[in-house]
Amino acid sequence: MPSHDKALAAAASAAASLMLVRSVVNELLPDELRDALRSGVGRLRSHMSSQHTITVDRKVDDLTSNHVFEAVKAYLAAHVNTRTQQHLCVSSLDEDDKMTVTMAEGEEVADVYDGTEFKWCLNYRYVSSDSGNGSRGNGGKHQLEAHSFVVTFPKKHKEKALSSYLPHIVATAKAMKAQERTLQIYMNNWEDWHPMDLHHPSTFGTLAMDYEVKQSIVDDLNRFIKRKDYYKRIGKAWKRGYLLYGPPGTGKSSLIAAMANHLRFDIYDLELTAVQSNSDLRRLLVGINSRSILVVEDIDCTIKLQQREGGQEDTKSDSSDEENGSEKVTLSGLLNFVDGLWSACGEERIIVFTTNYKERLDPALLRPGRMDMHIYMGYCTPDSFRTLANNYHLIDYHATFPEIEKLIKEVTVTPAEVAEVLMRKDDADTALHDLLDLLKSKLNDANVIKTEHSSANSQLDEEPNDSYRGDY
């Protein structure tokens with residue numbers, strides 16, 4: 001018993017001494033010296049262990065944040081096991097923002113990547129919160145802040161950690177951030193862009209289009225965002241052009257919103273009538289961020305673009321404008337950004353032109369290499385009708401479907417017209433019968449017009465032609 005008491009007393013004395021040393025170190029030694037001691041102990045431990053460690057500091061220097069630290073923080077927040085983790089840290093930017101659950105000081109989070117276990121730990125330290133030399137002993141204010149992430153793993157997997165695992169974390173965090181952020185739609189006013197939050201709910205799942213056409217667009221977009229190295233290798237700007245054409249009410253704007261939500265790209269809605277000159281247009285277009293969609297709606301009628309090769313009268317008019325200092329926005333000014341030298345200012349960019357009348361467009365806009373895909377936004381089809389019925393009434397089938405789909409093939413009705421009828425009534429049965437009545441009415445009107453045309457043509461055939469009388 002005496003020996004046991006002595007052992008306990010010695011252990012207690014050692015623990016007390018250790019706590020005293022730690023307290024003295026924290027109180028008296030400056031932050032830089034404490035960090036150096038901690039680093040030295042860490043190196044000694046590393047040489048004696050079969051494990052390897054990598055430290056990801058919060059800042060690169062006093063002014064520059066380390067984006068890898070933020071990526072690791074976001075990545076680990078999504079991998080924290082709230083059921084097994086004993087100590088968690090919960091934070092929120094404001095009362096409307098969702099809570100973020102992360103690891104707390106001293107806790108470990110294990111992550112398995114490609115068969116290798118990586119153990120993460122978050123280190124904290126006291127830092128001075130005033131501009132003075134403040135140490136705790138001098139009455140300076142100190143606060144505890146996250147300082148660095150430390151990951152531990154077997155030494156033999158050092159190359160995997162540096163060349164594969166950490167880049168995987170950065171890429172994953174980037175994708176998570178893109179999914180969580182609120183998209184923006186920018187409108188131009190003179191030479192500046194003004195953003196607003198974009199909350200358009202359109203997705204490819206809710207878009208009323210022919211299924212095969214819709215799937216081809218999704219496949220093209222997915223292939224585009226994965227081909228950065230390909231575009232660089234072939235020497236082309238990393239961009240893609242889409243021309244959306246068809247009657248009004250066929251979903252061109254909804255398709256653009258679905259593209260933005262699918263890619264998580266911001267939208268820049270360019271109003272050409274608000275642009276005074278090519279130089280103003282260039283300043284606007286250069287100010288567009290990467291990973292964005294540039295939209296020019298109704299390009300055939302928003303502005304009378306000057307032709308690149310005009311006649312003598314056009315040339316005279318252009319010269320007069322230049323002398324008066326009123327240079328106009330020209331077609332060449334727009335095309336230089338679409339596929340000229342200015343097209344390389346920015347990357348991972350989508351360009352969308354819309355028109356109700358494709359035949360009115362200047363051939364220069366339709367030249368191969370400018371608009372990569374020409375997408376016809378046509379009238380309602382059975383596929384798009386079923387999508388609308390599911391959107392508005394959550395039904396996949398109804399007794400009226402066969403007759404409605406048969407009529408849709410015989411008459412011209414836009415998705416907007418179908419949606420308007422389906423929205424009028426909350427009861428699916430009533431709404432579908434109203435739609436059936438609309439389609440029957442359209443079919444009757446079409447038959448009346450067809451009959452009138454046939455009658456008029458018959459009368460013309462029966463009337464004698466006195467314009468020519470032969471001499472016999």
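Let's start with who touches whom along the chain: of the contacts (heavy atoms within 4.5 Å) between residues at least 6 apart in sequence, 69% join residues at least 24 apart. Keep in mind that you're looking at a predicted model, where local features need pLDDT of at least 70, side-chain atom pairs count only at pLDDT 80 or more, and totals for chains, interfaces and linings use all residues. Residues are numbered from 1 along each chain as its sequence is written, and side-chain values use heavy atoms, with hydrogens and water left out.

The protein has 15 helices and 13 strands; these are DSSP runs numbered from the N terminus, with helices being H or I of at least four residues and strands E of at least two. Of its 472 residues, 34% count as buried. Buried means under 20% relative accessible area, exposed means over 50%, and partly exposed is in between (1.4 Å probe, protein chains only).

Now for the inside. A nonpolar core is a set of buried Ala, Val, Leu, Ile, Met, Phe, Trp, Tyr and Cys residues joined through side-chain atoms within 4.5 Å. The largest one here has 28 residues, and Phe204, Tyr242, Leu255, Met259, Ile293, Ile350 and Val352 touch the most other members. Elements giving two or more residues to this core include α5 (211-225), β9 (239-245) and α7 (252-263). It's α7 that gives the most, with 6 residues. Take Met259: leaving aside neighbours within four places in sequence, Met259 is in contact with Phe204, Leu221, Tyr242, Ile293, Ile350 and Val352. There's also a second, separate core of 27 residues, with Leu284, Ile299, Leu361 and Ala364 among them.

Next, have a look at helix α3 (residues 67-77), where Phe69, Ala71, Val72, Tyr75 and Leu76 are buried. They sit on the same side of α3 because they cover an arc of only 160 degrees around the axis, taking the directions from the helix axis to the C-beta atoms. An α-helix has 3.6 residues a turn, so residues three or four places apart point the same way. At the start of α3, a side-chain oxygen of Asn66 reaches to within 3.0 Å of the backbone nitrogen of Val68.

Finally, find Asp266 in strand β10 (residues 266-269). Asp266 counts as buried because its relative accessibility is 9%. Beyond residues up to four places away in sequence, Asp266 touches several others, including Leu183, Tyr186 and Ile293.

Notes:
A polar contact is a pair of N or O atoms within 3.5 Å; within protein, one must be able to donate a hydrogen and the other to accept it, and residues adjacent in sequence count only if both atoms are side-chain atoms.
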